[in-house]
Amino acid sequence: MKIEEIIKERILVLDGAMGTMLQRYKFEEEDFRGDRFKNWEHPLKGNNDLLSLTQPQAIAEVHRKYFEAGADIVETNTFSGTTIAMADYHMQDLVYELNYESARIAKEVAREFTAKEPHKPRFVAGSIGPTNKTASMSPDVNDPGFRAVSFDELREAYKEQVEALLDGGSDILLVETIFDTLNAKAALFAIEEVKEERNIDVPVMVSGTITDASGRTLSGQTAEAFLISISHIPILSVGFNCALGAKQLVPHLEVVSAKTDYGVSAHPNAGLPNAFGEYDESPEEMASQIKEYVEKGLVNIVGGCCGTTPEHIKAIADVVSQYQPRKLPQSVAHS
């Protein structure tokens, strides 16, 4: 069955945080390097995407734990998988391979679970992060007109990532943690380009991030403005992730849910970070907040972001299995 159909029948569960799980392995510099990058001239610790090449078994194990917890969709380990973000590690030339391998690993595990439970097909979402540069704001307070990156540079970087994610077996493309809508537009533009060139259709999820209590994205948009500015492209779902805990997202999900014919997704953090930047919300606390989403009929896809673990995803999956997904108009079956 196609995901466009399943999303009308039940609430789909997305996985939780990859980074939170990888921290449990306590990988050091040499683990990130493996044999292949033993003599790399720059520090590599912290480059989680690289672990798809140097510690693939750990990445597969994280995906497996999320599927076991009840996830329908896992995200590829490619949050920083663009030439722009990989420049920090001088690894721009590895971008295609990093994305391809990350998607391949996730797809292999997804197939394993789909074979075991054909009634619950598992999907892979190619994770497309925001990069570490912003196209609509200046990083220099003294030069407000300056831009660290251009739209075309972003588009090209995203295009390489998208091609590799699709070649590796991604079923969905997830443009996530969007803090600057212009960056997201570049990613969506790149996706449309690839779809056209390959004459394919691929479901696209778009997920913005509300950065603070003002209810706006970093580039200043409200939830509704964000929705309007990406709605010209056919997508599977629109929603929010990261930055806030589940409770703080409710009003923004209400706005989007009321105004869109697309599916609505949410993968919040496990609460707000404490003084040490850690997330304290227990699986039970988080699931009880997400219950409000499903009682109000706000979402079609739900999962977790920073600080969430398979335990959180299991608690969420148990709650949402008892509720109907948000109603979608019949006309939305984009094919």
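A residue counts as buried when its relative accessible area is under 20%, as exposed when it is over 50%, and as partly exposed in between, calculated with a 1.4 Å probe on protein chains only. By this rule, seven of the seven residues of strand β4 (residues 172-178) are buried, so the strand is largely enclosed by the rest of the structure. Helices (H or I, at least four residues) and strands (E, at least two) are DSSP runs, numbered from the N terminus.

The model is predicted, so local features need pLDDT of at least 70 and side-chain atom pairs count only at pLDDT 80 or more, while totals for chains, interfaces and linings use all residues. Residues are numbered from 1 along each chain as its sequence is written, and side-chain values use heavy atoms, with hydrogens and water left out.

| Strand pair | Bridges | Direction |
|---|---|---|
| β3 (residues 123-128) and β4 | four bridges | parallel |
| β4 and β5 | four bridges | parallel |

From β4 the chain passes through helix α9 (residues 181-198) to β5, in a β-α-β crossover that is right-handed, which means that, with the strands pointing away from the viewer, the path from the first strand over the helix to the second runs clockwise.

A nonpolar core is a set of buried Ala, Val, Leu, Ile, Met, Phe, Trp, Tyr and Cys residues joined through side-chain atoms within 4.5 Å. The largest such core has 90 residues, of which Ile128, Leu253 and Tyr293 touch the most other members, and helix α7 (residues 95-116) gives the most to this core, with eight residues. Apart from it lies another core, of 14 residues, among them Leu14, Phe123, Ala125 and Ile172.

The buried residues of α7, including Val95, Leu98 and Phe113, pack against α4 (51-54), α5 (56-68), β2 (73-75), α6 (83-86), β3 and α8 (151-167), where contact means heavy atoms within 4.5 Å.

**Gly215**

In the loop between β5 (204-208) and α10 (223-230) lies Gly215, which is buried, with a relative accessible area of 7%. Not counting residues up to four places away in sequence, Gly215 touches Ile210, Gln221, Thr222, Ala223 and His252. Gly215 and Asp201 are 14 residues apart in sequence and, C-alpha to C-alpha, 33 Å apart in space.

Definitions and conventions
Pairing = 2+ DSSP bridges.
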